[in-house]
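Visitor: I am new to this structure and would be grateful for a close look at its aromatic pairing and the nonpolar core. Please take me through them in one connected account.

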Amino acid sequence: MLGNIHHFIGSTEKALEEYQEAIKLSPNNAILYGLLGSTYIEIKLYDKAVEAFKKGIEFAPNNALLHYELGATYFDKGLIPQAIKEMQEALRIDPGYEEAK
């Protein structure tokens, strides 16, 4: 996927464009929303990252990684109760998820 290549080489803006285009083609793809959210975090657009992770969770509510990433983003924003809730949800889904412990 072109978004991943651009992300890997540090072309963040181009990666965002590619992920957004991919989402237009596959609007129910939770993984794409996760990639978009992770890219937003890199440029400190935390509110947009939260939106992207929440959208991904709509399509994959049992995806521990999306809950973890949302929790980590809430933590970065200083929203500790929300961060804890999402980390707990990641652990409920996958009790072995080490990063969420």
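Guide: A search of the whole structure finds 1 aromatic pair, where rings of Phe, Tyr and Trp (its six-membered ring) pair if their centres lie within 6.5 Å. The rings of Y33 and F59 have centres 5.9 Å apart and planes at 20°, so the pair is stacked; planes under 30 degrees apart count as stacked, over 60 as edge-to-face and the rest as tilted. This pair links distant parts of the chain, 26 residues apart: Y33 lies in helix α3 (residues 30-42) and F59 in helix α4 (residues 46-59). Helices (H or I, at least four residues) are DSSP runs, numbered from the N terminus.

The model is predicted: local features need pLDDT of at least 70, side-chain atom pairs count only at pLDDT 80 or more, and totals for chains, interfaces and linings use all residues. Residues are numbered from 1 along each chain as its sequence is written, and side-chain values use heavy atoms, leaving out hydrogens and water.

Y33 counts as buried because its relative accessibility is 9%, whereas F59, at 33%, counts as partly exposed. Buried means under 20% relative accessible area, exposed over 50%, and partly exposed in between (1.4 Å probe, protein chains only).

The largest nonpolar core has 21 residues, of which L36, F53, L66 and L70 touch the most other members. Such a core is a set of buried Ala, Val, Leu, Ile, Met, Phe, Trp, Tyr and Cys residues joined through side-chain atoms within 4.5 Å. Two or more residues each come from α2 (12-25), α3, α4 and α5 (64-76), and α3 gives the most, with 6 residues.
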